[in-house]
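Open the model in your viewer and keep the selection tool at hand. This tour goes from stop to stop, saying at each one what to select and what is there.

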Amino acid sequence: MGSKILPQWASKPCAMGIDEAGRGPVLGPMVYGCLYCAQSYLKTLATLSFADSKTLKEEKREELFETLKTNDSIGWAVDVIDPRELSAKMLKKNKINLNEISHDSAMGLIDRVLKMGVLLTEVYIDTVGDAGKYEMKLSRKFPSIKFVVAKKADSLYPVVSGASIVAKVTRDRALREWVLDETAENMKRDFGSGYPGDPQTKAWLEDHKHRIFGFPTLVRFSWGTCNSYFKDIAQVLWDSDNLDEDGGGGKNSNGKRQLKLSNVGFTSSKRGSEEIESSGKGRCRFFQARKLEHLTNF
């Protein structure tokens with residue numbers, strides 16, 4: 001973020017731009033960035049050569065980022081969303097889709113800057129989903145702020161162009177400096193742009209998949225494009241899901257699986273319980289030790 005001590009201009013009406021980088025790639029984090037300044041500085045901001053980061057070369061983006069970091073009339077902040085967090089949210093039982101994750105990140109940045117004491121009165125943001133609905137959602141959350149939600153906001157408003165540079169450079173650096181959690185000797189870093197259609201990214205995904213453990217944590221394994229790489233993936237079967245009739249895995253009148261008490265560890269002798277477990281027909285020790293039962297009715 002910019003200066004730690006709140007500058008004097010922050011107590012005057014301020015405008016903010018918000019944009020993201022890395023929404024589409026199958027690799028690496030998604031980054032939301034914001035840039036804010038006094039409304040009276042917006043005209044000057046328009047002369048600083050900020051443009052949609054996608055239209056600039058990497059060297060120019062880096063140069064502009066370093067320039068804005070030293071500019072005392074500008075503040076900025078980022079939210080870096082780890083690929084593991086993206087995958088976990090999109091695959092959990094109560095799924096959180098990418099649009100919701102994006103909305104939450106943008107609102108988190110606004111909240112963070114407001115709590116710093118900055119007098120935000122206008123926020124310009126690139127739309128995610130329906131622009132009208134998104135604007136209503138933001139206005140309900142922050143009624144004192146005027147929102148401008150627009151497609152291609154990063155090419156329409158310099159304050160959003162600046163935010164897109166903050167987000168893009170932060171993501172690029174995060175990918176360049178990414179420390180791979182996995183320690184296999186054959187791990188390589190030549191993963192290309194990270195976009196699903198990039199031949200270099202495709203080759204990297206093919207070379208770094210594992211039949212049992214899946215992909216390295218750099219990969220957003222919730223992306224649909226990952227599925228095609230696992231046609232020969234190993235299937236995982238839990239003992240408790242694979243009981244045959246001999247082990248008491250019959251079905252009740254509702255057609256649902258029913259476990260006999262002898263399969264949940266309630267046997268007359270310790271030996272009986274161990275025999276069932278070692279045969280692969282009973283519940284594994286993990287479930288027994290925690291007294292976890294297989295429920296069919298809720």
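Helices and strands are here DSSP runs, numbered from the N terminus: a helix is a run of H or I of at least four residues, and a strand is a run of E of at least two. The model is a predicted one, in which local features need pLDDT of at least 70 and side-chain atom pairs count only at pLDDT 80 or more, while totals for chains, interfaces and linings use all residues. Residues are numbered from 1 along each chain as its sequence is written, and side-chain values use heavy atoms, with hydrogens and water left out.

Of its 298 residues, 42% are buried, where buried means under 20% relative accessible area, exposed means over 50%, and partly exposed lies in between, with a 1.4 Å probe and protein chains only.

Now select Tyr36, which sits in strand β2 (residues 30-38). Because its relative accessibility is 4%, Tyr36 counts as buried.

Next, select helix α3 (residues 83-91), whose buried residues are Pro83, Leu86 and Ser87. These cover an arc of only 95 degrees around the axis, and therefore lie on the same side of α3; the arc is that of the directions from the helix axis to the C-beta atoms. An α-helix has 3.6 residues a turn, so residues three or four places apart point the same way. Among what covers the buried residues of α3 are β2, β3 (75-81) and α4. At the start of α3, look for Asp82, a side-chain oxygen of which comes to within 2.7 Å of the backbone nitrogen of Arg84.

Move on to helix α4 (residues 98-115) and helix α5 (residues 131-141), whose axes come within 12 Å and cross at roughly 35 degrees. Axes are lines fitted to C-alpha atoms, for helices over the stretch in contact, with angles from 0 to 180 degrees between N-to-C directions. On the α4 side, the contact (heavy atoms within 4.5 Å) is made by Ser102, His103, Ala106, Met107 and Ile110, and on the α5 side by Tyr134, Lys137, Leu138 and Lys141. Which residues does His103 touch, leaving aside its neighbours within four places in sequence? They are Val128, Tyr134 and Lys137, and His103 itself counts as buried because its relative accessibility is 10%.

Two loop residues come next. Ser49, in the loop between α1 (42-45) and α2 (58-69), has a phi near 70 degrees, a positive value in a residue other than glycine. Lys152, in the loop between β5 (146-150) and α6 (153-156), also has a positive phi, of about 60 degrees, although it is not a glycine. Most residues other than glycine have a negative phi. Lys152 is exposed, with a relative accessible area of 59%, whereas Ser49, at 44%, counts as partly exposed.

For the last stop, select helix α8 (residues 199-207), where Thr201, Trp204 and Leu205 are the buried residues. Their arc around the axis is only 100 degrees, which puts them on the same side of α8, while on the other side Pro199 and Asp207 are exposed.

How values were computed. A polar contact is a pair of N or O atoms within 3.5 Å; within protein, one must be able to donate a hydrogen and the other to accept it, and residues adjacent in sequence count only if both atoms are side-chain atoms.
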